[in-house]
Amino acid sequence: MSITDWFRAREDKRYTPVNGAGPKADVPEGVWTTCDSCKRIIYEGELAASMRVCPYCGHHFPVPAHERIAQLVDEGSLEEFGAGITSSDPLEFVAAKSYVQSVSSAKEKSGLEEAVVTGRATIGGHPVIVAVMDFSFVGASMGSAVGEKITRAFEIAVSERRGIVFAIASGGARMQEGMLSLMQMAKTAAAAKRYRAEGLPYIAVLTNPTTGGVTASFATLADIIFAEPGALVGFAGPRLVEQATRQKLPKDFQSAEFLLDHGLVDDVVARGGLRERVSLVLDYLMRPGGAA
Amino acid sequence: MEFERPLFELEDKLDQLKRMDVAVNPEIAAEVEDLEQQLEQLRKETYEQIGPWERVQISRHPERPKTQDYVATLFTDVVELHGDRLFGDDEAILAALATMLGRRVVVLGHRKGKTTKENVARNFGSPHPEGYRKAMRAMRLAERFGLPVVAFLDTAGAYPGIEAEQRGQAWAIAESLSLLADLPVPVVVVGIGEGGSGGALAIGFGDRLIMLENAYYSVISPEMCAMILHKEASRAAEAAGCLRLTAADLIDFGIADEIVGEPLEGAHVDPEPVIAAVGERIRAALDALGEVDPQTLTQKRYERLRAIGVFEEGAG
């Protein structure tokens, strides 16, 4: 259905949808999106062209992993590794939905094999390892597979003398793999520590949302931490904090801007300027030829 | 504890009977005998069928031996270190210089209280970032002066509070993991009670993990897991089973090394032998690790972490 057709069809119904659930039923899937923040209706093509940032209010929408990579790295430079690493079900975790079901529906929905895509690439000509997490895959939670891919990313970066640029999102450690997930925090932190000793730069971009065990491990061990505008970043999620403290949360609690105010991130950088900013930092922290 | 209630009710009944006058009611003697048999049977059943959720409850028992009990019994000449030199002193974490049979160590531990007053001061053993930063300060001391680290785990988790978030709870935990990862001195960890997620892990891995039989270590509390899965915390017992959080599970996963047994009803009914047994295991671990040079030690620690995880790997 073309846009003009859509408008005509809508007019035929002789009503004007206002805010809220009204237009949903009439909007063809994937053509229009309602901004979560300003509630205006945005044409999908326009959203894709604007890096999934609302052209009206600047709200940053989630970005699928491969689209994020295209936004961040030099064109065509990605060489993926670890793509064959996927989750198994070591706890045989069965609740309302089995873990195996959750993973297979995530694979179908996202077209990914795991919650993180890792690879070699260049940014502004600098050789780097990138890892990009996709929240649509089991909340980008970290189980054994994600932990392994992140660990390898650090290890390969050490052996090939590459910088690291991670675009992070996560609901935390993956509950369905129990203690194996929790220990991925220690494992990735240990790998990040070894990398740190090499004099190579690690830049983390925290996107909406980054919480729990990922925030409390490799994500915040970066040399430079940028956050996207409005991104929710924290250890405990806001609902848990509210429940535990029975206090009203401050305005913008755990937002990127809140973190900046409290000295926890280097800067809040809008998506449109991210590649340039990351590239500039790599210019400062990496010497030409890849040797730091 | 909830699962012990039928047992305690029967004990009460027996007590009441015993207090009655046998001369007036001669049939009581027979009934007492009968009840005593029943009680014995029930006691066996209650503790023999103990599951993960019962163990979680035992691990949280208010009278269970706490970090301070282990420190007071197993160490001498204790010098407590206060504060993170940045913000304040978090009583939910203990950091100290201490001596164990002539061996000088740095002791760390989550510190729960036994009374309400103590628990309020110590935030029920749930640390703020300054607690972890104090622990890190003590770890750096351990590194500089070549002292092994002994850490006792007993926390429901890092505190999910507004100020904790403002001061970078996640940042503090991550830095602590990073510091512990290659600290060039032996690190012996003992799970004595609750091992609540990242808040436990921040001081909770090293070269040896010793678990008490009824201690647990989990990625998430059974209650929160039940909330996420079923929207009701009351299904925590079920969630506790799903999470594989017991000491025995940790051995299966290759995360823990050894288990220290407890009395049938839990360590709180007879703490002394349990504390003594923990002391023995710590000493043995420190003896073995003391022989290893620092470089090998941190390399082995890395390999140990590196091997944790179960996943599939196909072509890709």
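Predicted model: local features only at pLDDT ≥ 70, side-chain atom pairs only at ≥ 80, totals over all residues.
Local features need pLDDT of at least 70 and side-chain atom pairs pLDDT 80 or more, while totals for chains, interfaces and linings use all residues. Residues are numbered from 1 along each chain as written, chains are lettered from A, and side-chain values use heavy atoms, without hydrogens and water.

**View 1. A nonpolar surface patch on chain A.**
Here A:L280, A:Y284 and A:L285 come together as a nonpolar patch with about 340 Å² of accessible area (Shrake-Rupley method, 1.4 Å probe, only the protein chains shown as cover). Patch members have over 30% relative accessible area and no salt bridge, and nonpolar side chains are joined within 5 Å; a salt bridge is a Lys or Arg side-chain nitrogen within 4 Å of an Asp or Glu carboxyl oxygen. A:Y284, at 68% relative accessible area, is exposed (over 50%; buried is under 20%).

**View 2. Cysteines without a disulfide.**
Over all chains, the count of disulfides is zero (sulfur pairs within 2.5 Å). The sulfur of A:C54 lies 3.7 Å from that of A:C57, its closest cysteine sulfur, which is too far for a bond. For B:C225, the nearest cysteine sulfur is in B:C242, 6.4 Å away. A:C54 is buried at 3% relative accessible area, and B:C225 is buried at 0%.

**View 3. The second largest pocket.**
Have a look at this pocket, with a volume of about 620 Å³. Among its 33 lining residues, A:R52, A:F61, A:P62, A:V63 and A:P64 are the closest to the centre. Helix α3 of chain A gives the most to the lining, with four residues.

Terms used. Patch = residues over 30% accessible without salt bridge, like charges linked within 9 Å, V, L, I, M, F, W, Y side chains within 5 Å. Buried < 20%, exposed > 50% of the residue type's maximum accessible area, 1.4 Å probe, protein only. 1 Å grid on protein atoms, 1.4 Å probe; cavity = no way out; pocket = protein on both sides within 12 Å on 5 of 7 lines; lining within 4 Å. Points joined across faces, edges and corners; volume = space filled by probe spheres on them. Helix = DSSP H or I, 4+ residues; strand = E, 2+ residues; numbered from the N terminus.
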